[in-house]
Amino acid sequence: MNAAKVQKKPKTTSKLKQMRSDWQLYVLLSFGLIWLILFAYKPLMGLRIAFYDFNPFGGLAKSRYVGFENFQRYFSSPDFARTVKNTVMLALWQLGLIFPASIILALVVTQMTSRGISKATQTITFLPYFISAVVVAGMVLSFTSPNNGWINIIRRSFGLEPIYFMVQAKYFRPIYTLMLLWMQAGYNSLVYIAAIMGIDTSLYEAATVDGANKLQRIIHVTLPGILPTIMTMLLLNIGKMIRSGYETIILLYHPSTYEAADTIATYAYRLAFDNPGRADYGLSTAVGLVEAVVAFIMVALANYMSRRVTESSLW
Amino acid sequence: MATKKAKIKRQGSATVRSRGEKVFDFVLNLIGVLISLVTVYPLYYILIASMSKPLSVINGTVITHIVDFSLDAYKEALRIPNLWVAYGNTFYYAIVGVAMNMFFTTTMAYALSRKRLVGRKLFTLMIVFTMWFNAGLIPTYMNFRDLRLLDTRAAIIVGFGISAYNLIIMKNFFQSIPEEMEEAAHVDGASDFRIFFRIWLPMSKPALATVTMFYLVNRWNGYFWPMTLLRQDKLMPLQVLMKKLLVDQTANETEAQIITAASTWSPQTRIYALMVVAIIPMLLVYPFLQKYFKTGMTAGAVKG
C-alpha cells in the first residue's frame with residue numbers, strides 16, 4: 001500500500017503540471033464545454049418532467065409527482081401500439097427502399113463509362129440535399145393536390161378520377177419514403193462512392209485476366225470491397241431511423257392519415273405543441289423519453305455490432 | 001487520386017469489350033440519364049410552371065416548357081408581407097449562426113485533438129453521448145425558457161452551437177496534421193493559442209470548408225426550432241414563413257379561385273414562384289460547395 005502511494009504521487013503531480021502547462025488548451029475547450037453543459041446536459045434535468053403531472057406555469061415545484069403514471073398511461077393507451085408500429089414501419093420502408101437505392105446509385109455512377117453522365121448524375125442527385133424539408137413537403141402537397149396538382153392533372157388527361165393522396169392513410173408511407181428517397185439518395189451514396197474509389201484497382205485487373213465480365217466484376221470485386229461500409233451504414237442507420245423525421249412527418253401528415261403516419265416522436269410533439277388547451281407536458285416528455293431510450297439502445301447495439309462484424313465503428 | 005484510379009479502371013475495362021459488355025455499359029449510362037431526369041424534373045416543373053399562366057398549368061399543357069410566359073406570380077410572391085424580413089432573418093441566422101458554430105466547434109475540436117490533454121477521453125465521450133441521446137422536445141424547450149431565451153435571436157444563434165458529428169469530423173482532421181509541427185512550434189516558443197490560430201486553422205481549410213457547409217445547409221433549411229422557440233414575425237426565418245405559406249395554407253386551401261385565360265397568376269403559381277425564391281440562394285452556392293462535401297464524408301469516416 002505504501003509503495004502504491006509513493007508511485008501514485010508523482011503521477012498526479014505530473015498530471016497537474018501537464019494541465020497547468022496546457023492551460024490555453026483548457027481555455028479553448030471551455031467555450032464548447034460550457035455550451036455542452038448549458039444546452040445538451042442541463043436539459044437532461046428536464047426529463048424529471050416525465051414523472052410529474054406538470055404545470056408549465058408553476059414549474060416542477062408546483063407540479064404533482066406521479067411516479068411512472070405518465071408511462072403507464074402511454075403504454076396502456078391505444079396510441080402506444082399505433083405509434084410503435086408506425087415508427088417501425090417507416091424505418092423498414094426506408095431500410096427497404098432508400099438504403100439499397102443509395103448503394104445502387106453509387107454503383108451506377110462509378111461503373112458507367114461516360115464520365116460526363118456520371119458527373120451530371122452525381123451533381124443532380126446530390127442537389128435535393130440543399131433544399132429544405134419545408135419546400136420539399138410543399139412540393140409534395142402541391143403535386144398531389146386533388147384539384148390542380150400535377151399528378152392529378154396527368155390522371156385526368158388519361159380519363160382517371162383525381163385522388164386526394166394526402167388524406168388517405170394507405171398512400172402515406174410510399175409518398176413519404178419516395179420523398180425521402182429523392183432528398184437523400186444522392187447524399188447517402190457519397191460514402192459508398194468514396195468506398196468504391198478506395199478499392200484496389202489490381203483486383204479488377206486480376207478479375208479481368210480471369211475472364212470476369214463487368215457484371216461479374218461488380219458482383220465479385222466491387223460489392224465485397226464495400227461490404228464493410230455497407231454493414232456499418234446499415235447497422236448505424238437502423239438506430240438512426242427510429243428517431244428520424246418527426247420534423248418532416250408533421251409537415252405531411254393529416255388527422256386522417258395518423259393511423260399510418262403518427263410515430264412516437266410526432267405523437268410526443270403533438271401532445272405538447274399541437275394540442276390546443278390540453279397540452280400534456282408530462283406525458284409528452286415520458287413518450288419522448290421512451291423513444292430516446294429505445295433509439296439509444298438501438299444505436300449503441302448497432303455500433304457495438306458494427307465494431308464486432310466489420311472491426312470498425314464510426315466513433 | 002481517386003479520379004486517377006477511376007481512369008485506370010476505365011482503361012482496363014476498355015481493352016477487352018465484348019458485345020455483351022457494350023450493351024451493359026449502354027444500359028448503365030441510360031440508367032444514369034433516367035435517374036438524373038427523374039430527379040431534376042420536379043424542380044424543372046416548378047420553374048416552368050411558376051413562369052406560365054395558371055390556365056396552362058391546370059390544363060396540363062405545361063410539361064416541357066413555359067406556356068404563356070408571365071412573371072406575375074413572382075410579383076405577387078414578393079409582395080407577401082414579411083417575405084423580405086424573413087429572408088433577411090435567414091441570412092442573419094445563417095451568417096452569424098455559422099460563425100458561432102465554427103467558433104465553438106473548432107476551439108473544442110482542437111483541444112480534444114491534442115492527445116496529451118488530461119481528461120480528453122471524458123470530454124470526447126461527453127460529445128459523443130449527445131449524438132446518441134438527447135433530452136427531447138419538452139426538456140429542450142423548457143431549458144430555453146429557463147434561460148430566458150424564448151422568442152430571442154440568441155436562442156437560434158447560440159442554442160444550436162455545436163453538432164457532435166461536425167465536431168468529430170473537425171477533431172479527426174486536426175488529429176491528421178502531424179504532431180511534429182506542434183512540437184517544433186513549441187520549441188520556437190509559440191503558445192497553444194498561436195499554434196491553433198496560426199498553424200492548425202490555416203492548414204485545415206478543406207475541413208473548415210466542409211464543416212462550414214454542413215452548418216450552413218442546416219441553418220438555411222432548418223424550420224422546426226425557430227418555429228417552436230420564436231413568436232414574433234419580425235424574428236422568423238424564411239423556412240417558418242414558407243411552412244405557413246406552402247404547407248399550412250395548401251392543406252387548408254379550398255382552391256375555389258376561378259382561373260380564366262386572362263389570369264396571369266394563381267395561388268398555385270405563386271407557391272411555385274415562392275419555392276423558386278426560397279431555393280435559389282442554396283442552388284447558387286451549391287456548385288462551389290459540392291466538392292467539399294466529398295472531402296467531408298471521407299474525413300468523417302477516418303477513425304477517431
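**A residue at the contact**

Modeller: A:Val135 touches B:Met242, B:Leu246, B:Met275, B:Ala278 and B:Ile279, leaving out residues up to four places away in sequence. Touching, or contact, means C-beta atoms, placed from the backbone, within 7 Å. This is a predicted model: local features need pLDDT of at least 70, side-chain atom pairs pLDDT 80 or more, while totals for chains, interfaces and linings use all residues. Residues count from 1 along each chain as its sequence is written, with chains lettered from A and ligands numbered from 1 in the order written.

Colleague: How many residues does the contact take from chain A and chain B?

Modeller: 85 from chain A and 90 from chain B. Helix H2 (residues 23–45) of chain A gives the most to chain A's side, with 14 residues. Helices here are DSSP runs of H or I, at least four residues; strands are E, at least two; both are numbered from the N terminus.

Colleague: And the largest nonpolar core, which residues have the most contacts inside it?

Modeller: A:Val135 and B:Met275, in a core of 153 residues. Such a core is a set of buried Ala, Val, Leu, Ile, Met, Phe, Trp, Tyr and Cys residues joined through C-beta atoms within 7 Å. Buried means 20 or more other C-beta atoms within 10 Å of a residue's own. Helix H8 (residues 169–197) of chain A gives the most to this core, with 12 residues.

Colleague: Switching to chain B. How many helices and strands?

Modeller: 15 helices and zero strands. Buried residues make up 38% of its 304 residues.

Notes:
Contact = placed C-beta atoms within 7 Å. Buried ≥ 20, exposed ≤ 12 C-beta atoms within 10 Å, placed from the backbone.
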